[in-house]
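Subject: Structure handover

Hello,

Here is the structure we talked about handing over. Please open it alongside this message.

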Amino acid sequence: MLAFFLLSLHAQSKTCMAAREKYDEALVVAQLHDPNLSKAAFGKVIEHYSSQLYWQIRRMVIDHDDANDVLQNTFLKAWTNIDNFRGDAKLSTWLYKIAINESITFVNKKKVMNQLSIDDDESFLVNQLESDEWFDGDQAQLNLQKAIASLPEKQRLVFNLRYYDEMKYDEMSEILGTSEGALKASYHHAVKKIEQFLGETE
Amino acid sequence: MKQEDSTILTKYGKNPGFKVPENYFEDFNKRMTEMLPEVEITPVDVKPTMWQRVRPLVYLAAMFAGVWCMMSVFSHFSGATNNGVGAVAEKLTDDKENVDEFIMSGSVSDYDIISYEDSVIMSNEDEVTDAND
């Protein structure tokens, strides 16, 4: 039994080591500040975060090509400012901040191009979804996206992060720079507005 | 959260209906890594946190503690008979002082001592007889 215990301990430590080899955030952050290793380390960052950042951006800008451009800008911005990242915050928090800022800037630019006021909602982004080849949702999913797009910017962000990413409020608070109480209130209002919107459209 | 958005969740689920081209993320990662411009990196010694420094020691200590616990459990169950009353009695009777104290305390009667002496004498006689045979 002792042998079994030691074997399982050994196997467990081997599994942990394998997982660490795959993506060790502390190691990657240290390598990012080494001129010889930084580029390869940032490649690992891209590999690790591209998917989760893409979906966050996509839910904000709706269109796939736009999401692709914003994601690219996010990583370029992170890479060119990598010297400013000192590891005080989590790398994911820092990347999410950049991605959210890039998404908001993009949407506002698009509004200007469509001659809309900054205060107008983002429903115009959703209206073209039905004909988008990278959308295969049904009418109900389309309605939900329209409901989310009708929310004020902050509530939309909070709803997306909480509902789809299941992000904790303390982490969200770090990213958005808002108190947890205010975030909970935003989420509550967002849910009520979405339910009301969907109730009216059905 | 679960209660609050349960109506939306039940009705619409978590799939927003978006999709991406095949192998999009693999292609993106490759393309993005290749297009990174050259930037000047200032070498910085990122100081590891206290936890990162002591983590290997804590893991090692936890491992030894685990092994020690296992050993204790094993010895408790497998060595119960050796470490029990028998072992204690054996240890005590090895020590002459303990035997004398036991006798002096009155727990052994004169009859017990005489019976014991008789049995010792008889066993010695048996040994002598066997030797003669």
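This is a predicted model: local features need pLDDT of at least 70, side-chain atom pairs count only at pLDDT 80 or more; totals for chains, interfaces and linings use all residues.

**α4 and α5 of chain A**

Start with α4(A), residues 64-80, and α5(A), residues 91-113. Their axes come within 9 Å and cross at roughly 130°. On the α4(A) side, the contact residues are Asp66(A), Val70(A), Asn73(A), Thr74(A), Lys77(A) and Ala78(A). They meet Leu95(A), Ile98(A), Ala99(A), Glu102(A), Ser103(A) and Phe106(A) of α5(A). By class, this α4(A)-α5(A) contact has six nonpolar, three polar and three charged residues.

**α3 and α5 of chain A**

α5(A) also packs against α3(A). Here the axes come within 10 Å and cross at roughly 35°. This crossing, too, is right-handed. α3(A) contributes Val45(A), Tyr49(A), Leu53(A), Gln56(A), Ile57(A), Met60(A) and Val61(A). Among the α5(A) partners are Leu91(A), Tyr96(A), Ala99(A), Phe106(A) and Val107(A). The α3(A)-α5(A) contact counts 12 nonpolar and three polar residues, with no charged ones.

**α8 of chain A**

The length of α8(A) checks out: its 12 residues should span 16 Å at 1.5 Å a residue, and its end C-alpha atoms are 16 Å apart. Just after α8(A), Glu166(A) takes a positive phi of about 50°.

**Chain A against chain B**

The contact between the chains takes 43 residues from chain A and 30 residues from chain B. On the side of chain A, the elements that give two or more residues are α1, α2, α3, α4, α7, α8 and α10. The largest share, 10 residues, comes from α3(A). By class, this side of chain A has 21 nonpolar, 13 polar and nine charged residues.

Best wishes

Technical notes:
Residues are numbered from 1 along each chain as its sequence is written. Chains are lettered from A and ligands numbered from 1 in the order in which they are written. Axes are lines fitted to C-alpha atoms, for helices over the stretch in contact, and angles run from 0 to 180 degrees between N-to-C directions. Helices (H or I, at least four residues) and strands (E, at least two) are DSSP runs, numbered from the N terminus. Two residues are in contact if their C-beta atoms, placed from the backbone, lie within 7 Å. Ala, Val, Leu, Ile, Met, Phe, Trp, Tyr, Cys and Pro count as nonpolar, Asp, Glu, Lys and Arg as charged, and the others, Gly among them, as polar. The expected span of a helix is 1.5 Å times one less than its number of residues. A crossing is left-handed if the near helix is turned anticlockwise from the far one by less than a right angle, and right-handed if clockwise.
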